[in-house]
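Colleague: Please take me closely through the strand pairing in this model, and then through the helices that accompany it.

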Amino acid sequence: MTELLDQLDQLAPMGYNVGLHIRFATPLIYRSSYPEDWLEHYNTHSYYLRDPLVFWGVGVEGTTRWSSIPLPDPFGVLKKAATFGLTYGAVSSYGPITSRSIVGVSRSDREFTDGELSTLRELTIQLHVAAKPQSDLTKAQIEALRCVANGDRHTAAADKLGITESAFKARLQSARIRLEARTTSEAIRKAREYRLL
């Protein structure tokens, strides 16, 4: 994913904003390289609740320039962004509405070309795929991770689930493999991020 973000950085001289696998209004992964003063202003004024780019990205799957978005901007979010150097931009949205990814890029000197929009689209798709949350844990794996997350030791957790300690450890190991986690703590963290626990 770092390589993809580096490519995005090359595409966007004034920075980018990435929200991957947005569920329940919260992205699973969020990254931004927009200027700090703009991010502070944006967050202080809760523009994420008023931003036409966000509304477009949630409602439409595709890629377009900011100037081509047909939505009203009653709070002047885009005009305000321009005062921070984010004069031109593009937004790309990909994925099902239940797990949408939205990527915005900006520059101060000119509109993004059609070729750059194609690159943005491809990077958005690749980022969405690279950040795909693991959702195929079994009920048994989730139960095992939940026990450890709640502070149970292996023996107590195995007793609670009515299985042997070796069977319990096998469930934890299989959960780590599926979540691509090196440790049980990392597996629990990832499971929480993916809203499996």
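**The sheet and its helices**

Modeller: Strand β4 (residues 88–94) is joined to β3 by four bridges, and the two run antiparallel. This is a predicted model, in which local features need pLDDT of at least 70, side-chain atom pairs count only at pLDDT 80 or more, and totals for chains, interfaces and linings use all residues. Residues are numbered from 1 along each chain as its sequence is written, and side-chain values use heavy atoms, with hydrogens and water left out.

Strands (E, at least two residues) and helices (H or I, at least four) are DSSP runs, numbered from the N terminus; two strands pair if DSSP finds at least two bridges between them. Within β4, V91 is the bridge partner of T64. The open sheet has five strands in the order β2-β1-β5-β4-β3, with antiparallel pairing. Its edge strands are β2 and β3 (62–65), each of which pairs on one side only. From one strand to the next, the twist averages 10°; axes are lines fitted to C-alpha atoms, for helices over the stretch in contact, and angles run from 0 to 180 degrees between N-to-C directions.

Six bridges pair strand β1 (residues 16–23) with strand β2 (residues 26–32) in the antiparallel sense. There, G19 stands opposite Y30 in β2. Two residues lie between the strands of this hairpin, and F24 takes a positive phi near 55°.

Helix α5 (residues 114–130) lies across β1, β3, β4 and β5 (100–107), and runs at about 40° to β4. Contact here means heavy atoms within 4.5 Å.
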